[in-house]
Amino acid sequence: QLLHRPLLLSLDFFRHLKILAPLYLNHPNPLFVTDIENPKRAIKNLNIDNPKYVFIASYLNFFKATLSAFRLEIKHYLFVNSVLKQSRRENDFIVNFCLQVIKPIICHGLTLSSLYLQAADRLFQTIKPAGLAVVSDSRFVELSLSLTAKKYQTRSIMVSPNTLPDLAELNLYNTTDKVAVVGSFIREKLIKIGLPAKKIIITGDLSLENYQLLKSSISRDRVFSKLGLSFDQKLILAISFRPNWLIPLLEKEKFIRWAYRAAKQIPGAVIVFKPHPTEKRSRLLEELSQWGINDALV
């Protein structure tokens, strides 16, 4: 049962929970909106029992969505193919190559975007939210909700944990009414790329507030006991990462092996690998096993 006029919290990514948890716990009527399969366990790790959440896809009108998706796929496919034919006639290899690469992004990405927007629109019409909070402006759920909030003139805020913009400065932070940032440095950077100063609020890092909320359930003794460590051991902490097209698995393996060998050269040292927020602990354990590293802690 959904309460009347909730604050929507866009949960696109498990890592965003450390920012969203304090908002959820301090609001009288919060509601997660997600496309993550089975998010309940991850939410519970943040001391949130019986969380209220909805799947954005559940607000799609299946027949209408399927029909519009089919029409869009055909439209985009015909458009891209006509451009490809033109580039072949002009024997422009680079243009032709780039178009082949972006063809699925145009044909499927625009269609998927349309489906998310349809679902967000129906969600807003159904539950009439009082406000919206997002953590970023680059994923389907947060973008579709932010754009729909503008359409229905619903108050919205991006609560960003970033301390500086990405190098390309592609994220413009302009999809919501307000932006909450951690400090003055990122604020000045955002003003420099064109964000109005009156839209920016300095709040500090909400993940620290989340840590304060969790402090009662976390203690050094408990962590050391769970990992089987003693306080007099030398610990070396290595942060793992999820392989992607920028950092391939081979590079990750080399990093892990180098860190492991370096730790072995220090008498009495124990290396602890911390999974990146974007990767599963079980997957990291599998990789370590494949690389013959069976005595490191995760």
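Helices (H or I, at least four residues) and strands (E, at least two) are DSSP runs, numbered from the N terminus. The model is predicted: local features need pLDDT of at least 70, side-chain atom pairs count only at pLDDT 80 or more, and totals for chains, interfaces and linings use all residues. Residues are numbered from 1 along each chain as its sequence is written, and side-chain values use heavy atoms, with hydrogens and water left out.

H10 spans residues 281–290, and Leu 284, Glu 287 and Leu 288 are buried in it. These residues lie on the same side of H10 because they cover an arc of only 100 degrees around the axis, taken from the directions from the helix axis to the C-beta atoms.

Glu 279, in the loop between S9 and H10, is buried at 10% relative accessible area. Its side chain meets that of Lys 252 in a salt bridge (2.8 Å, N to O), a term for a side-chain nitrogen of Lys or Arg within 4 Å of a carboxyl oxygen of Asp or Glu. Lys 252 is in helix H9, 27 residues apart from Glu 279, and is buried at 0%.

Ser 240, in the loop between strand S8 (234–239) and H9, counts as buried at 2% relative accessibility. Beyond its neighbours within four places in sequence, Ser 240 is in contact with residues including Lys 252, Glu 279 and Leu 284.

Notes: Buried means under 20% relative accessible area, exposed over 50%, partly exposed in between (1.4 Å probe, protein chains only). Contact means heavy atoms within 4.5 Å.
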